[in-house]
Amino acid sequence: MSNKSQTKYKQTEIGNIPEDWKVETMAQICSVVTDYVANGSFASLKFHVRYNDIPDHAVLIRLADYNKNFQGNFVYVNKEGYEYLKKSKLTGGEIIISNVGEYSGTVYRAPQLNYPMTLGPNSITLKTKYDDTFFYYWLKSIYGQQALNDIKSGSAVPKFNKTDFKKILAPCPPMQQQKQIAGFLSSLDDRIELNKKMNTALEEIGKALFNRWFVDFEFPCLLAYGERTQAAHLELMCYGYKSFGGLPAPESDKYFVYVLELENGYRYIGMTDFILKRYHEHVTGTGAKYTLQYKPVKIIHWEGLSNKQEAAAREKWLKTGFGRKWLDREEIAGRLRQAGGEMVESELGEIPKGWEIKKLCDISENIRIKIKPRAVSSESKYIGLEHFTGGSLSLENYGFSTEVSSDKWSFSIGDILFGKLRPYFKNVAVAPFEGICSTDILVIKPKDEKYLGPMLFTLFDDKFISQISNASTGTKMPRTSWNQMSEYKIVLSNIDSVLLKYYSELTLNISRQIVLLAKLNINLSKVRNVLLPRLMSGKLRVN
């Protein structure tokens, strides 16, 4: 990069710009500027276009979808409506600007979805004759935002139209410089987007493990074996308690016979000193030629024998006609010793033996430390509901304490922040810094660090969100409360269990990584936001 001292400038209608830059109107810059109402009158749009909440032919792209990071709950239109809206079809990557309402002037790009897309109301979309990405960043810069603010009209509902938008003056560098500036800024945003995807992947891992271990009860049965066995056979961690629990750990000089049900309906009988390991070999194709062709479905019987000779004799007998008839009789009578952990009845259905039903308030608490914004540093960060990205545990947006005046809650790094207003937005995040937050946000901590995982992914669970949303009070602005949330019931192993310790360590690492990536994105955004106006004014040049 080079700085201003190496560049000659000229005075223009939009201020000083480099001598080799031009000034053009958006009408000159753009090859297309269109919107929803370009397709017809309000009456004809109402007649031809029907909105649908369930998946249909095409997605209607709206500001609300951008605010949710395009993570579902879309509005759809049928094929007839999509074809009628032919003037505002989107293919992905187009610049979109909201032009009606409180958030008019918000600039974003159409997503890449596996659906046909069309632009929703209250926005315009455009395509330039030059580098779209350069003008996307210019419109997001302080210069583009000021230009958009200047053409807004209406105090109650700010808005602007296409005609006034086309009159906006903007700098137009040579194409090579447009591409260089756009490429540099895009590289920062690409890294930010990569970090977001990594955080999404971490969230999905945490959710998947929570559901498999604490909802489906398929936690690793290998955890019941000794640490040496666990360390030596990590490939067996995928076999869960409900399906494979109760199988014995390997013991010195002890052997077992086992009976598998295969996918072709036949049985396979064998002997081994480690049943779970042998089952894995059959599943992965290294156990026997027959199970290579016909994969095992489950272990329907096993027996422990004192030594290898006894096991071999028992295997041989079970393979005889008498042995196979015995297996038939025992299976009909329900006396075969099948794999699968012991389950007991509870008010929430079958749960693993020894597990407990707990309420959310048994494992976590709502921290209520009230503080006045003026009592903290002017650099203290403030979190409001508007700073969440719904459905993401990562928190990258914030304001400052100087922007608010009423009492707020105090929170620390690692606390869980939960938006209680309209909980169906799933505003849940791990705090990447300390600060203050709106009183419409609950600050929640685990009562013991071993409860962090179950607490965090219960709060992030769709079933939990649905239940508390249905129980919320208020019609237009439904709210939940800690009193409601704290009564939610979950099933947990004993606090001293190996499983809970193991899962909490995993979750702690996940939450720390989410916080680390969120902090990195905050810093990358700061760099981009500092450089953006300098690049767009030509005060900083990309070599």
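Helices and strands are taken here as DSSP runs, numbered from the N terminus. The structure is a predicted model, and its second largest pocket is lined in part by three such elements: helix 8 (175–215), helix 17 (462–470) and strand 30 (489–492) each contribute at least two lining residues. The volume of this pocket is about 390 Å³. Its lining comprises 16 residues, of which Phe 214, Val 215, Lys 463, Tyr 488 and Lys 489 lie closest to the pocket centre. Classified by residue type, the lining of the second largest pocket contains nine nonpolar, three polar and four charged residues.

In soluble globular proteins, nonpolar side chains tend to be buried together. The largest nonpolar core in the model has 64 residues, and the members that touch the most others are Phe 418, Leu 459 and Met 485. The greatest contribution to this core comes from helix 19 (residues 498–537), which supplies seven residues. When residues up to four places away in sequence are not counted, Met 485 touches Leu 360, Phe 418, Leu 442, Ile 444, Leu 459, Phe 464, Ile 468 and Thr 480. Another core, of 34 residues, lies apart from the largest one; Ile 97, Trp 138, Leu 540 and Val 542 are among its members.

A charged residue, Glu 315, is located in helix 13 (residues 308–318). Its relative accessible area is 15%, and Glu 315 is therefore buried, the cut-off being under 20%. With neighbours within four places in sequence left aside, the contacts of Glu 315 are with Val 257, Ile 269, Gly 270 and Met 271.

Definitions and conventions: Residues numbered from 1 in each chain as written. Predicted model: local features only at pLDDT ≥ 70, side-chain atom pairs only at ≥ 80, totals over all residues. Heavy atoms only, no water. Core = buried A, V, L, I, M, F, W, Y, C linked by side-chain atoms within 4.5 Å. Buried < 20%, exposed > 50% of the residue type's maximum accessible area, 1.4 Å probe, protein only. Helix = DSSP H or I, 4+ residues; strand = E, 2+ residues; numbered from the N terminus. Contact = heavy atoms within 4.5 Å. 1 Å grid on protein atoms, 1.4 Å probe; cavity = no way out; pocket = protein on both sides within 12 Å on 5 of 7 lines; lining within 4 Å. Points joined across faces, edges and corners; volume = space filled by probe spheres on them.
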